[in-house]
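Trainee: Could you walk me through reading this model?
Mentor: Gladly; let us look at it together.

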Amino acid sequence: MDKLLRAASVAAQTITLYGRIRAGFRRALIGVVSSGIALVFLILALLWFDAALWFYCAPRIGAALAALVAGGAFLLVAIAVVAITRWRLRSAPPARPAPTDGVAAAIHELNGFVRENRGMLLVAAAVLGALLGARPPKRP
């Protein structure tokens with residue numbers, strides 16, 4: 001019996017670890033894809049702003065100074081992006097303490113699963129109750 005409990009504990013810990021890795025990978029992948037799309041649109045917007053700045057400044061201050069102004073604007077945007085990136089990387093999300101006992105870890109994960117998927121579980125219970133509670137029609 002002790003070996004069975006240990007096997008269940010190890011299985012629960014393995015499933016928990018796999019779930020955390022999968023969730024972290026999913027979050028990272030969504031972040032990378034959405035950041036790439038946002039980056040493309042940001043570059044396009046900056047190019048349009050640069051063209052507008054060039055057309056505004058070139059007749060007023062000359063082509064050489066207009067190029068310096070446009071380059072300075074791009075430099076400011078690059079510095080802002082680096083500053084925001086460093087600021088976001090510094091504030092890492094707080095780590096959740098992992099339960100040490102295998103059974104406690106399984107209970108903790110099951111509790112979190114039930115809390116996160118409460119609506120889906122209620123709908124599934126209602127559908128299952130309707131299916132299992134229905135009586136088959138009587139044959140004449």
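Predicted model: local features only at pLDDT ≥ 70, side-chain atom pairs only at ≥ 80, totals over all residues.

Mentor: Residues are numbered from 1 along each chain as its sequence is written, and side-chain values use heavy atoms, with hydrogens and water left out.

Trainee: What does the secondary structure of the protein come to?
Mentor: Helices (H or I, at least four residues) and strands (E, at least two) are DSSP runs, numbered from the N terminus. Here there are four helices and zero strands, in the order α-α-α-α from the N terminus on.

Trainee: How many Å should helix H4 span?
Mentor: The expected span of a helix is 1.5 Å times one less than its number of residues. For the 16 residues of H4 (residues 118-133) that gives 22 Å, and the end C-alpha atoms are 22 Å apart, so the two agree.

Trainee: Which class does alanine 11 fall into?
Mentor: Alanine 11, in helix H1, is partly exposed because its relative accessibility is 37%. Its C-alpha atom is separated by 9.0 Å from that of alanine 106, 95 residues apart along the chain. Alanine 52 is also found in H1 and is partly exposed at 46%.

Trainee: What lines the second largest pocket?
Mentor: On a 1 Å grid over the protein atoms alone, a pocket is an open set of points where a 1.4 Å probe fits, with protein on both sides within 12 Å along at least five of seven lines; lining residues have an atom within 4 Å of a point. This pocket has 14 lining residues, and Glu109, Leu110, Gly112, Phe113 and Glu116 lie nearest its centre. Helices H1 (2-61) and H3 (102-116) each give two or more residues to the lining, with H3 giving the most, seven.

Trainee: Where does arginine 60 lie?
Mentor: A charge sits over a ring if NZ of Lys or CZ of Arg is within 6 Å of the ring centre and within 35 degrees of the ring normal. Arginine 60 lies over the face of tyrosine 56, at 4.2 Å from the ring centre.

Conventions. Buried < 20%, exposed > 50% of the residue type's maximum accessible area, 1.4 Å probe, protein only.
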